[in-house]
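Me: I would like to go through the fold of this chain, one piece at a time.

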Amino acid sequence: MLSFENRIKKKKDFDTIFEKGDIIRSKDFVVNFLEKEEAETRFGIVVSKKVSNKATERNRIKRILRNHLRVILPRIKERFDIVVIARESLIKKGSKEMAGSLEEILLKGNLFK
RNA sequence: CGAGGGGAUUAGGUAAUCGCUGAGUGUUUGUUUUUAAGCACUUAGAGGAAAGUCCGAACACUCCCUUUCGCUUUAAGUGAAAGGUCAAAAGAUAGCGGGUAACGCCCGUCGUCUCGUUUAUGCGAGAUAGAGGUGCGAACAGAGACGUUCUGAUCCGAAAGGUGAAGAACACCCCUUACGGGGUGAGCCCUCUGAGUUAAUUAGAGGGGUGAAACGGCCAAAUCCUUAUUGAGUGCAAGAACAAAUUCCGUUUAAGCGGAAAAAAAGUGGUUCGCUUGAUUUUACGGAGUAAUUCGUAAAACAGAUAAAUGAUUACCGCCUUUAUGCUUCGGUAUAUCGGUACAGAAUUCGGCUUAUUAUCCCUUCGGGCU
RNA sequence: GGCGUCGUAGCCAAGUAGCAAGGCAUCGGUCUGCAAAACCGAUAUACGUGGGUGCAAUUCCCACCGACGCCU
């Protein structure tokens with residue numbers, strides 16, 4: 001779990017990121033991100049019912065992604081809000097595959113230091 | 001051995017590292033204090049279905065009605081509190097009795113059903129209150145066609161009869177060429193007695209009318225309806241409190257600042273409460289009851305998030321399974337190895353129902369094999 | 001989380017206790033030099049799934065499955 005300051009919580013924040021931020025896509029993820037003034041990097045995770053109808057499966061994906069983001073966090077550039085949206089292909093993947101795919105897309109977005 | 005149904009219990013374990021949410025203690029910083037934020041330590045942290053949201057209740061608000069009290073005023077209106085006896089509206093439920101906070105749930109009990117037999121896990125108010133409906137096409141009489149007749153089609157037969165949910169009141173006997181007529185019984189209704197919980201119902205006895213088109217079968221789970229019972233609706237995103245924004249006022253060129261006038265505006269973003277210990281659950285002993293259930297005593301247990309905690313990684317063990325090898329009393333067993341280890345995630349809280357599903361045991365039905 | 005609505009052929013869509021309309025699409029024909037349009041004709045595993053009531057269910061009742069909407 002990410003600590004308190006590193007989460008995006010308000011619907012408003014999500015909306016502004018979707019509206020003004022940049023977007024990158026891969027097979028497994030869609031990532032929206034936006035540069036801002038506060039120093040803390042913040043993450044939001046979205047797993048919709050399109051991915052799976054079962055709450056357990058959606059929660060599993062969210063927990064694994066949270067854990068990987070927590071590990072990656074120190075290497076990410078500061079002053080960014082990042083929203084990670086899961087796509088349907090993730091449902092079949094294990095934890096390690098997800099981690100690889102996640103690193104790949106963040107690299108593509110040039111978000112590492 | 002295989003498949004199905006019912007019941008009971010169970011829902012993998014240990015260690016290490018990195019994290020999350022709640023509670024408690026300590027400490028640091030800010031603050032007059034309350035307290036807020038950070039850090040450290042301790043401790044707690046999903047289910048039998050948490051699911052579907054199909055019923056029921058608690059709780060909250062709204063409406064209706066009743067009673068009491070107050071105000072204006074004598075005709076009513078209005079406010080508050082308590083309650084759901086009565087009324088309206090809208091549904092819901094349905095053999096009978098019991099359990100429960102309540103239920104459409106549970107227990108007991110009665111009746112009853114499929115080609116036949118046996119049965120429950122299935123079914124259950126009223127068709128003798130009434131309207132209405134009741135099978136391709138056409139027609140006559142008729143109050144009325146599901147029924148009669150005709151015709152074609154996808155009924156058989158000369159008829160009796162069969163078939164069919166229903167063929168026009170069931171069975172037997174007598175008279176008659178036939179139409180038809182008579183008798184006895186069953187069925188239906190009423191009364192009494194025994195059994196049963198003063199029950200549903202059932203056994204027996206007695207009596208009554210009924211021989212029919214002015215009639216009869218089926219349908220209330222197609223529809224209206226009748227009887228009995230039950231106030232209705234919305235749901236914790238209910239609802240309550242505090243309150244940036246905004247509106248208004250003052251000052252001011254404006255920005256901005258201050259205020260809500262003695263008291264008293266509004267309520268969006270948001271914060272707090274509601275919120276988790278309660279008709280609670282489990283165990284033991286004793287009492288009541290056929291049982292569901294219930295009473296008493298003792299002990300133990302119990303998550304509270306809000307873009308939403310209960311996780312990730314690694315190692316080992318357990319269980320199931322594939323393959324190989326060794327041993328074997330041929331039932332198995334040991335080692336290595338591939339794979340698997342279900343269904344599924346609290347969101348106001350409980351009681352049910354339904355559906356999904358792992359392992360073990362017990363009972364039972366059906367099918368096959370052997371003795 | 002709570003509440004509600006709807007599933008009929010490849011698509012749209014009516015209907016209701018008694019043989020399930022219609023349109024688009026598809027196929028064939030007429031017309032044309034060829035097409036389009038128009039006209040004529042034809043085809044089908046169509047009532048989401050499973051139980052129940054009933055002589056008979058797409059329709060009534062119950063349970064599942066799927067799609068969509070509202071409350072912030």
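**Sheet and helices**

Strand 3 and strand 4 (residues 80-86) pair in the parallel sense over 5 bridges. Strands here are DSSP runs of E, at least two residues, and helices are runs of H or I, at least four, numbered from the N terminus. Two strands pair if DSSP finds at least two bridges between them. This is a predicted model: local features need pLDDT of at least 70, side-chain atom pairs count only at pLDDT 80 or more, and totals for chains, interfaces and linings use all residues. Residues are numbered from 1 along each chain as written, while chains are lettered from A and ligands numbered from 1 in written order.

Me: Which residue of strand 4 is the bridge partner of Ile 45?
Reply: Strand 3 spans 42-46. Strand 3 pairs with strand 4 in the parallel sense. The strand 4 partner of Ile 45 is Val 84.

Me: In what order do the strands of the sheet lie?
Reply: Strand 1 and strand 2 pair antiparallel over 4 bridges. Strand 2 and strand 4 pair antiparallel over 7 bridges. With mixed pairing, the open sheet has the order 1-2-4-3.

Me: Which residue stands opposite Asp 22 in strand 2?
Reply: A hairpin of 3 residues joins strand 1 to strand 2. Opposite Asp 22 stands Phe 33.

Me: At what angle does helix 2 run to strand 3?
Reply: Helix 2 covers residues 55-72 and lies across strand 3 and strand 4. Axes are lines fitted to C-alpha atoms, for helices over the stretch in contact (C-beta atoms, placed from the backbone, within 7 Å). Angles run from 0 to 180 degrees between N-to-C directions. For helix 2 and strand 3 the angle is about 160°.

Notes: Contact = placed C-beta atoms within 7 Å.
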